[in-house]
Amino acid sequence: RSTWISGPDNAQFGRFWQQCKDDGTFDRFQALTGMAPGPHTQAHVLGVSRVEANPALREFTFMVAVEAPPDSDPRDSDPRDSDPHDLVRISIPACRWAIFEAHGPVPEALVAAEMYAFIEWLPASGLVHAHAPEMEVYPPSPDGQPYCEFWLPVERGSE
């Protein structure tokens with residue numbers, strides 16, 4: 001499910017997550033996947049920032065998503081849905097990912113991980129942001145405490 005993020009107001013993300021909880025999107029995900037961890041990310045749910053066209057531009061489509069089985073169609077999740085076309089399937093390209101753990105309450109821990117990734121780690125890494133989506137990955141918590149990961153697509157920079 002997607003929405004447009006129109007600039008640096010991080011509260012937009014939280015409002016959209018809440019909207020997805022309230023409008024039954026997670027029930028539809030449950031019908032598609034059983035909320036089982038995805039085969040690639042091991043996540044129950046994902047936040048996908050579609051920044052691949054221009055990673056420097058902070059206006060983009062944001063998606064709340066799950067890894068759907070390859071043979072499923074999101075429009076088939078519940079025939080009673082009033083608008084079966086509001087879920088879409090996208091393919092995330094294979095990438096090299098820098099993965100940053102975020103321990104603690106979201107969104108604060110996630111924002112801290114992203115800031116570290118962009119301000120400290122990426123400039124010192126010799127890598128650059130690849131033209132692929134960024135992802136918030138929500139796998140099972142290793143210790144039962146709030147936990148997520150920030151996945152940053154990276155590639156070697158041109159020198």
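A residue is called buried here when its relative accessible area is under 20%, exposed when that value is over 50%, and partly exposed in between, with a 1.4 Å probe and only the protein chains counted. By that scale Asp 23, with a relative accessible area of 36%, is partly exposed. The structure is a predicted model, in which local features need pLDDT of at least 70 and side-chain atom pairs count only at pLDDT 80 or more, while totals for chains, interfaces and linings use all residues. Residues are numbered from 1 along each chain as its sequence is written, and side-chain values use heavy atoms, with hydrogens and water left out. Helices (H or I, at least four residues) and strands (E, at least two) are DSSP runs, numbered from the N terminus.

**Salt bridges**

- Side chains of opposite charge can pair when their charged atoms come close.
- A search of the whole structure finds four salt bridges, a salt bridge being a side-chain nitrogen of Lys or Arg within 4 Å of a carboxyl oxygen of Asp or Glu.
- One of them joins Arg 1 to Asp 23, with the closest N and O atoms 2.0 Å apart.
- This pair links distant parts of the chain, 22 residues apart, since Arg 1 belongs to the segment before strand S1 (2–6) and Asp 23 to the loop between helix H1 (11–22) and helix H2 (25–33).
- Arg 1 is buried, its relative accessible area being 17%.
- Another salt bridge is formed by the side chains of Asp 9 and Arg 15, at 3.5 Å from N to O, and Asp 9 is partly exposed, with a relative accessible area of 38%.
- Glu 134 and Arg 58 also meet through their side chains in a salt bridge, at 3.3 Å from N to O.
- Because Glu 134 lies in strand S6 (residues 134–138) and Arg 58 in the loop between strand S2 (45–50) and S3, this pair ties together parts that are 76 residues apart in sequence.
- Glu 134 is buried, at a relative accessible area of 2%, whereas Arg 58 counts as partly exposed at 32% relative accessibility.

**Helix H1**

- H1 has twelve residues and reaches 17 Å from its first C-alpha to its last, close to the expected 16 Å, where the expected span is 1.5 Å times one less than the number of residues.
- The residues buried in H1 are Gln 12, Phe 13, Phe 16, Trp 17 and Cys 20.
- H1 is followed by Gly 24, which has a positive phi near 90°.

**Helix H2**

- In H2, the buried residues are Thr 25, Phe 26, Arg 28, Phe 29, Leu 32 and Thr 33.
- Seen down the axis of H2, these residues fall within an arc of 155°, so they line one face of the helix.
- On the other side of H2, the exposed residues are Asp 27 and Ala 31.
- H1, S2 and S3 are what the buried residues of H2 pack against.

How values were computed
Arc of directions from axis to C-beta. Contact = heavy atoms within 4.5 Å.
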